[in-house]
Amino acid sequence: MTDTVKVLIMRELGFDPAIPMPSYQSIGAAGADLRANVPHGSITLQPFERVSVPTGLRVQVPDGYEIQIRPRSGLALKYGLTLVNAPGTIDSDYRGPLYVLLMNTGPDPFEICHGHRIAQMVVAPIVRAQFEVTDHLCPTERGMGGFGSTGTD
C-alpha cells in the first residue's frame, strides 16, 4: 500500500470549474495529471516556443513535502512537448497560481486545448541538507570526471 498525503486544492476565480481536478490515471501511477484551463480558447505552441499554461488551481502542500511538475511521457514522445524546468517544484509555502511551463521541442506547432492533460504532478518528501564547509572531500574512483566520463553505453 502507498502512503497518502493530503494536498489541498483551490480553484482560481475566473477559470472553468468544470475542468477535472488532478487525477491518477492508473492504480500504479506516481503522478496525477494536470489539465490546461484556458476557458477562452486554446494556446498554439510553435516549435521551440515556451509558454506558461494556466491550470486554474492553487495548492497547499504539507510541510516536509513538495510537488514536482513533470512532463507527460506520451506528449514528449509523440510531439516533443516537455517542461522548460523539468521537474518544476511547488514548495510547501507557495500559495500562488499553478502554471505549467511547457516547451515544444518538436518540428510542428502543438495546440494546447482547454482541458488537455499537459503535465503530471508527483508529491514527494523533502530531505533538508545541512551544508558544512570542508577543506577535503573523500576520493572516489571517478574523481573529477564530469559529463560523459563514465562512458556512453
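Reader: What counts as a helix or a strand here?
Author: Both are DSSP runs numbered from the N terminus: a helix is H or I over at least four residues, a strand is E over at least two.

Reader: Where does the model come from?
Author: This is a predicted model, in which local features need pLDDT of at least 70 and side-chain atom pairs count only at pLDDT 80 or more, while totals for chains, interfaces and linings use all residues. Residues are numbered from 1 along each chain as its sequence is written, and side-chain values use heavy atoms, with hydrogens and water left out.

Reader: What radius of gyration does the chain have?
Author: The chain has 19 Å, whereas a compact globule of 153 residues would be near 15 Å. That radius is taken over C-alpha atoms, and the globule rule is 2.2 Å times the number of residues to the power 0.38. Along the principal axes, the C-alpha atoms fill a box of roughly 60 × 40 × 30 Å.

Reader: And how many of the residues are buried?
Author: Of the 153 residues, 30% count as buried (under 20% relative accessible area; exposed is over 50%, partly exposed in between, with a 1.4 Å probe and protein chains only).

Reader: Which residues have the most contacts inside the largest nonpolar core?
Author: They are Ile 67, Ile 69, Val 100, Leu 102, Ile 112 and Ile 118, in a core of 25 residues. Strands S2 (32-35), S3 (43-45), S4 (50-60), S5 (65-70), S6 (81-83), S8, S9 (110-112) and S10 (117-125) each give two or more residues to this core. A nonpolar core is a set of buried Ala, Val, Leu, Ile, Met, Phe, Trp, Tyr and Cys residues joined through side-chain atoms within 4.5 Å.

Reader: Take Ile 69. What does Ile 69 touch?
Author: Leaving out residues up to four places away in sequence, Ile 69 touches Leu 34, Leu 83, Pro 87, Gly 88, Ile 90, Leu 98, Val 100, Ala 119, Gln 120 and Met 121. Contact means heavy atoms within 4.5 Å.

Reader: Pro 87 is on that list. Where is Pro 87?
Author: Pro 87 sits in the loop between S6 and S7. The peptide bond from Ala 86 to Pro 87 is cis, with omega near -10 degrees.

Reader: What about Phe 48, buried or exposed?
Author: Phe 48 counts as exposed because its relative accessibility is 58%. Phe 48 belongs to the loop between S3 and S4. Phe 48 also has a positive phi of about 65 degrees, although it is not a glycine.

Reader: New topic. What volume does the largest pocket have?
Author: About 460 Å³. Of the 17 residues that line this pocket, the closest to its centre are Asp 3, Thr 4, Val 5, Tyr 24 and Val 123. The largest share of the lining, 4 residues, comes from S10.

Reader: Which residues line the second largest pocket?
Author: Gly 64, Tyr 65, Glu 66, Asp 91, Ser 92, Asp 93, Ile 126 and Arg 128. About 150 Å³ of space lies in this pocket.

Reader: Ser 92, then: buried or exposed?
Author: Ser 92 counts as buried because its relative accessibility is 18%. Ser 92 is in the loop between S7 (88-90) and S8 (98-104). Beyond residues up to four places away in sequence, Ser 92 touches Val 61, Pro 62, Asp 63 and Tyr 65.

Reader: And where is Ile 126?
Author: Ile 126 is in the segment after S10. With a relative accessible area of 37%, Ile 126 is partly exposed. Apart from neighbours within four places in sequence, Ile 126 is in contact with Gly 64, Tyr 65 and Glu 66.

Reader: How many cavities of 30 Å³ or more does the structure hold?
Author: The structure holds 1. The largest cavity has a volume of about 40 Å³. S2 gives the most to its lining, with 3 residues.

Reader: What makes something a cavity or a pocket?
Author: On a 1 Å grid over the protein atoms alone, a cavity is a set of points where a 1.4 Å probe fits but cannot get out; a pocket is an open set with protein on both sides within 12 Å along at least five of seven lines, and lining residues have an atom within 4 Å of a point. Points are joined across faces, edges and corners, and a volume is the space filled by probe spheres set on the points.
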